[in-house]
Protein chains: 2
Amino acid sequence: MTLESPLVYETRHRLSYYECDATGHPSLSMLISMAVQVSEDHGNLLGLDTAVVQSYGGGWVITSYEGSFAKQQPVNGEEIILGTRAIANNRFFALREFWIQSTDHKIEYAHLTGLFVYMNLKTRHLMSIPSAIIEPYHGPEKKRLPRLAKACELKDVKFKNDYHVRFFDIDSNRHVNNARYFDWMQDPLGAEFLSSHRLKHMTMRYEKEVRYGQTITSEISSPYYNENGELATDHRIVFDGQLAAASTMIWYE
Amino acid sequence: MTLESPLVYETRHRLSYYECDATGHPSLSMLISMAVQVSEDHGNLLGLDTAVVQSYGGGWVITSYEGSFAKQQPVNGEEIILGTRAIANNRFFALREFWIQSTDHKIEYAHLTGLFVYMNLKTRHLMSIPSAIIEPYHGPEKKRLPRLAKACELKDVKFKNDYHVRFFDIDSNRHVNNARYFDWMQDPLGAEFLSSHRLKHMTMRYEKEVRYGQTITSEISSPYYNENGELATDHRIVFDGQLAAASTMIWYE
């Protein structure tokens with residue numbers, strides 16, 4: 001762990017075989033899990049563990065992600081750098097960035113931005129962020145935060161699959177691990193597509209929390225070429241006719 | 001990493017939030033994944049990585065596990081010791097033990113024994129273990145290996161659920177991660193049972209390999225008291241009328 005400035009937190013992590021998928025590289029859900037882990041570690045270092053955060057009546061909830069990924073990805077057994085810092089925050093929103101790099105800092109495998117709110121976890125009502133849990137990050141206060149790219153709406157449903165939310169989808173924070181949504185979102189694409197394409201960019205917006213025992217449906221558009229000539233797929237998770245999450249993914253071919 | 005004798009390999013690992021379930025402790029499938037990881041690390045250290053092992057025409061395949069678990073389990077964020085050594089081997093079988101301990105070695109959270117064979121991965125035919133890939137472990141050669149406890153046969157089916165084998169169930173070894181069977185085996189017990197009981201002992205026997213795209217059924221007996229007065233459940237994974245795996249689990253109440 002190095003601490004270059006009050007803003008920056010970095011740690012090293014060695015990729016285990018169970019964090020990598022059939023391609024030999026970490027799955028998107030594992031990259032997201034590592035980002036969540038490094039932000040928890042950052043919080044713990046600043047004395048802001050879950051108990052302290054929740055002592056103000058709420059908890060951090062992710063609302064959206066945007067991520068860019070290098071064509072070269074780390075491999076099973078490789079040591080990588082996980083880093084994070086607060087970018088900006090206002091009364092209701094906190095923006096945080098994450099990076100996953102080679103240990104020589106020469107390759108940035110993934111760069112993620114996440115937008116967080118502070119929410120009463122029982123009523124799901126937004127609360128203003130208590131200054132005691134945001135000031136230690138020294139993120140600049142800004143009236144307007146940069147916006148993350150939006151997911152495109154599905155125009156057709158080419159791939160579709162139902163997923164039952166399992167006990168082991170709940171993590172030690174006692175909520176469905178938000179990273180699992182990416183497994184549900186990508187799995188219907190099938191082994192052939194997922195083995196022959198690598199993720200280049202993604203946007204993700206969480207709309208409704210999925211809970212243990214529910215059956216959700218993962219729907220995916222036909223792959224299409226976007227205005228930049230890139231191969232893209234639109235994704236959504238629905239349950240009971242409600243949108244739980246939406247994503248657009250852009251792929252290296 | 002400490003190397004106490006040619007036989008023993010130990011490494012340290014810090015538990016991430018995504019390796020722990022709703023109880024705040026690592027799930028059985030994660031404990032098994034960590035055991036597999038430490039045995040891969042041990043192999044790599046001895047120059048026996050997957051490519052070398054497979055250069056003799058086959059690969060290591062786990063046939064069964066037996067495990068004992070302390071009532072006290074490690075928690076999210078805790079650093080633990082993962083250890084392994086070869087216990088014994090003969091022409092066709094290799095027995096390996098694993099331990100998961102507190103860093104002061106005072107608590108043994110889990111002790112596992114695994115029986116491995118060397119198999120042609122295409123024909124699924126057993127091969128004799130090439131001496132070049134077993135001798136470096138310095139495990140004693142024995143005609144008869146100690147037997148692992150057997151799973152009891154299901155007398156009734158109280159809990160039952162179907163699981164579709166997903167792309168992300170395949171790990172970087174390009175097979176369904178054997179640890180996933182434990183998620184499928186435990187999930188039908190439900191959150192109430194799994195949150196209020198902790199695993200004490202398990203036996204597991206793999207019979208048939210489960211593959212991507214298959215739908216498997218996980219069946220569990222009614223909980224019962226065994227001959228030692230312990231709460232037990234019998235588990236099996238079936239597909240196409242064939243037994244894929246069988247387990248008996250004993251629980252702390």
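**Exercise 1. Determine where Asp240(A) lies and whether Asp240(A) is buried or exposed.**

*Solution.* Step 1: Asp240(A) is located in the loop between β12 (231–239) and β13 (242–252) of chain A. Here helices (H or I, at least four residues) and strands (E, at least two) are DSSP runs, numbered from the N terminus. The model is predicted: local features need pLDDT of at least 70 and side-chain atom pairs count only at pLDDT 80 or more, while totals for chains, interfaces and linings use all residues. Residues are numbered from 1 along each chain as its sequence is written, and chains are lettered from A and ligands numbered from 1 in the order in which they are written.

Step 2: Although Asp240(A) is not a glycine, its phi is positive, at about 50°.

Step 3: A residue is buried if 20 or more other C-beta atoms lie within 10 Å of its own, exposed if 12 or fewer, and partly exposed in between, with C-beta atoms placed from the backbone. Asp240(A) has 10 C-beta neighbours inside 10 Å and therefore counts as exposed.

**Exercise 2. Describe Asp240(B) by its place, its phi and its exposure.**

*Solution.* Step 1: In chain B, the loop between β12 (231–239) and β13 (242–252) holds Asp240(B).

Step 2: Asp240(B) is a residue other than glycine with a positive phi, near 50°.

Step 3: Because Asp240(B) has 10 other C-beta atoms within 10 Å, Asp240(B) is exposed.

**Exercise 3. State which domains chain A has and how they touch.**

*Solution.* Step 1: Chain A is assigned domain 1 (2–137) and domain 2 (159–252); such bounds come from an automatic or database domain assignment.

Step 2: Taken over C-alpha atoms, the centres of these two domains of chain A are 19 Å apart.

Step 3: Contact requires that the C-beta atoms of two residues, placed from the backbone, lie within 7 Å. In chain A, 18 residues of domain 1 are in contact with 19 residues of domain 2.

Step 4: On the side of domain 1 of chain A that touches domain 2 of chain A, α1 (28–45) and β3 (59–69) of chain A each supply at least two residues. The largest share of that side, eight residues, comes from β3(A).

**Exercise 4. Characterise the side of chain B that touches chain A.**

*Solution.* Step 1: 29 residues of chain B are in contact with 29 residues of chain A.

Step 2: The elements giving two or more residues to this side of chain B are α1 (28–45) and α5 (190–196) of chain B. With five residues, α1(B) gives the most.

Key:
Nonpolar A, V, L, I, M, F, W, Y, C, P; charged D, E, K, R; others polar.
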